[in-house]
Amino acid sequence: MKKISKFMFSLLAVLLLLSACNSDEEDTDSGSEDEDGVTLTFWNRYPELRGGFEDLIEQFEAEHPGINIEKQEVPEPETQLRTALSEGDLPDMWTNIVELAELIEVDAVKNLDEIFTDEVKGQFQEGTWFENGTTADSSVYGFPLASARSKAMIMYYNKDVFDMLGLTEGDIPQSWEEFKELGQTIVDDSGGAVYPIVWNNPGWANEQLVSMMGTAITPEVPWQENYKEGVPQVLTEGKVESAKFLKELLDEGLMAPQSVEIGLGEAEATFSVGQSAFLWSGDWVGRQLFVETEFENWGVAPLPTKDGNPYYYHAGSEATSIRVNNETEHWEEVKTFLEYSLEHLHEVVYVNTGAGLPAKEDVGGEPPFEQYNDILELENELAIPVPKPAEFNSEVVEFNKAYRNKLEVGGIGDVVVGYITGNISDLEAEIEQIDQEMKDAFFETLDEFSEVSQDDYIYPNWEPFAPYTIEKYDELR
């Protein structure tokens, strides 16, 4: 009996110690509380928002003693978040990377209806609220950051290079032919010191570029779906011709040769020091040029297209937002931060830094560079709402997840890079294979989902370049 009591005492001590250790770990995972108050953990994956978030947090903490925000930049956001999900180790808040439906399925994300009343939702731009992005079953699960009408690629031009070569804004090319003609002039007049364009090699960037340029030729396919025929489609005349145009630029010495080996940051640096006249990229790059490379003498214009016709990007392509851990132990403090952010975030993080276009309407602030409003105007013109099948039938969310899980390749970006670099000779054959695999997976999955039909992907009242509004969905119900 005496031996048993001693054993039980030892066991109890071990259990108490383990309990204390676990308690410490839980505090570290999703915020903590001590004599200095509550510390909330926040993961950010957007490099262009770093400085803005730091300013916002500094101002919030000054006005809310007792609530601290521990922000961490995550270089491998999807890997880190999935690891945290699997280990039950999520931060209190994070900028989104994993699809909303997947988070809801494992009960990992908090419903934010308490904050986003109908009145508050009305303060945001049209297109902000959409299924499997910021909402699920009409409830809010994401604090919107960037405008849905953003992320369209545009063309930055270097005014120092223009001045040096005697060029004016009237020389900015609108068609591919004009771009090549001007490009040859730039090479000749600079003695080969300046390339017309510097580009970058990530597959996602190449898919975005050829898809956007391609809408000027094949407007019925804004990304990977044909909303006239109701099928997945990545093999289009527009994408193929756009990829061939990129290769021609490289082969003819009109694209900086390092473009096939570098990322966007290196491309920005090349452009900033005047080694290229043009740079193609997204709306956030204005801030990168101004802050990261301290280069201010640039302007913006639309991308050149085959015949100079307009192009567009599908608005709401990404639900740039803040998610909240459904298991946060400090919901009241998180709520206080989000309510403060409703009033201040879009001005401090977006407008005052020039990091992009805010989701909220009528935001004040002082853009740090004069070109900010030029970028805003271009994005409003180029990022156009297109049909979102999940808005018409919510069952499409699960269908899309099942369909996408069957694909070995999610897009054509790597094929485009392989073609430009000469590692792939038959571009159309490679894209056709991906196209067919997508169609096969799509129709195979349709057979498994009785609540989803091909009709959910056909929008006879959609006209490319015309914003697809709520009223358009209602016409088809």
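The model is predicted: local features need pLDDT of at least 70, side-chain atom pairs count only at pLDDT 80 or more, and totals for chains, interfaces and linings use all residues. Residues are numbered from 1 along each chain as its sequence is written, and side-chain values use heavy atoms, with hydrogens and water left out.

**Helix H10 and Ser272**

Helices (H or I, at least four residues) and strands (E, at least two) are DSSP runs, numbered from the N terminus. Helix H10 spans residues 264-272, and its buried residues are Leu264, Ala267, Glu268, Thr270, Phe271 and Ser272. Here buried means under 20% relative accessible area, exposed means over 50%, and partly exposed lies in between (1.4 Å probe, protein chains only). The cover over these buried residues includes strands S8 (154-158), S9 (195-198), S12 (276-281) and S13 (298-301), together with helix H11 (285-292). After H10 comes Gly274, which has a positive phi near 80 degrees.

Ser272 is part of H10 and counts as buried because its relative accessibility is 13%. Contact means heavy atoms within 4.5 Å; not counting residues up to four places away in sequence, Ser272 touches Asn158, Leu289, Thr293 and Phe295. With Thr293 there is also a polar contact from side chain to side chain, at 3.0 Å. A polar contact is a pair of N or O atoms within 3.5 Å; within protein, one must be able to donate a hydrogen and the other to accept it, and residues adjacent in sequence count only if both atoms are side-chain atoms.

**The nonpolar cores**

A nonpolar core is a set of buried Ala, Val, Leu, Ile, Met, Phe, Trp, Tyr and Cys residues joined through side-chain atoms within 4.5 Å. The largest one has 86 residues, of which Tyr156, Leu246, Phe278, Trp280 and Trp298 touch the most other members. Helix H17 (residues 427-446) gives the most to this core, with 7 residues. Apart from it lies another core of 36 residues, including Leu49, Ile69, Val140 and Val348. Leaving aside neighbours within four places in sequence, the contacts of Trp298 include Tyr156, Phe271, Leu289 and Phe369.

**Helices H9 and H16**

The axes of helix H9 (residues 237-251) and H16 come within 9 Å and cross at roughly 30 degrees. Such axes are lines fitted to C-alpha atoms, for helices over the stretch in contact, and angles run from 0 to 180 degrees between N-to-C directions. From H9, Ala243, Lys244, Leu246, Lys247 and Leu250 meet Val416, Tyr419 and Ile420 of H16.

Asp414 is placed in H16, which covers residues 413-420. Asp414 and Gly203 are 211 residues apart in sequence, yet their C-alpha atoms are 4.7 Å apart in space.

**Residues with positive phi, and exposure**

Most residues other than glycine have a negative phi. Asn132, in the loop between helix H5 (118-121) and strand S5 (135-136), has a positive phi near 65 degrees. Asp137, in the loop between S5 and strand S6 (139-140), has a positive phi near 50 degrees.

| Residue | Relative accessibility | Class |
|---|---|---|
| Asn132 | 19% | buried |
| Asp137 | 65% | exposed |
| Asp414 | 63% | exposed |
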